[in-house]
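Thanks for coming. Please have a look at the structure before I start.

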Amino acid sequence: EEQPALFQAVFLADGVVARADVVEYAGDGQWDIVEVKSCSETSTAKYHYDVAFTCAAARRSGVEVRKAVIVACASTWRVGEPTEARFRRVDCTREVLGGMGALSTIDPPRRDESDPLPQGSIAEVLEKTGNRGRSWTGVPELDASPRAQAESHCKKCPMFKECVGANLTHPLWELPRISARRFAQLSEYGLEVTSVPSDGLSKAQKKHWDCVNQGRTIIDQRALSRELSGVRLPVY
């Protein structure tokens, strides 16, 4: 579905990552990269390479970039002044995307792999940092997500049942008042209550452990009697 604009869109490809302030859809599969800077409309030139890097990441990600725009946010603007005086759109497409623009300096096309890497280019940085052919973190790209590490606080995560809690009948997290340290110790046996030993469990934890391992409900008759004695008839 075509959207008029995306905010804080992230581009990640070929070892390069960038986040654009705004990406505006221009139609026909083309997009405009917009960066918001605290400056005057006459001092945007110092941000051309910043915008060019974002455009490079977008193009490497398969995005067809039509224009490069800087929105100058005047730091001298005060409440009560006209809003149009605060934001000025500056079209810097020629300075960024043009034949001799900033993009041609930081991410120029290479005719042959044997060509020397241009100084200051993205390719040179990736080569010198050893990230060529790697992800932006420097770690080789993976075909699948890495295995999650089970922690005591995982139970509160909305993705619990799709992550470390998947396919568990009685997760270790069911044990009442289990500390992070104790969880780490018990999780070495497994993440099911039935897989951990009862040694060292608190009274409440041992009671839950018994319920699960014996497969039956254990009723605290004294506690039940105490609660029921407070009920006054008739009960509606």
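Strand β3, residues 30–37, runs parallel to strand β4, residues 64–73, and the two share eight bridges. Pairing here means that DSSP finds at least two bridges between the strands. Strands (E, at least two residues) and helices (H or I, at least four) are DSSP runs, numbered from the N terminus.

This is a predicted model: local features need pLDDT of at least 70, side-chain atom pairs count only at pLDDT 80 or more, and totals for chains, interfaces and linings use all residues. Residues are numbered from 1 along each chain as its sequence is written, and side-chain values use heavy atoms, leaving out hydrogens and water.

The open sheet has five strands in the order β1-β2-β3-β4-β5, with mixed pairing.

Now the aromatics. Rings of Phe, Tyr and Trp (six-membered ring for Trp) pair if their centres lie within 6.5 Å; planes under 30 degrees apart are stacked, over 60 edge-to-face, the rest tilted. That rule gives three aromatic pairs. Tyr25 and Trp31 are edge-to-face, with 4.8 Å between centres and 65° between planes. Trp31 counts as buried because its relative accessibility is 18%; the cut-offs are under 20% for buried and over 50% for exposed, partly exposed in between, with a 1.4 Å probe and protein chains only.

Phe160 and Trp173 are edge-to-face too, because their planes make 85°, with centres 4.9 Å apart. Both Phe160 and Trp173 are buried. Together with Phe183, Phe160 and Trp173 form one aromatic cluster.
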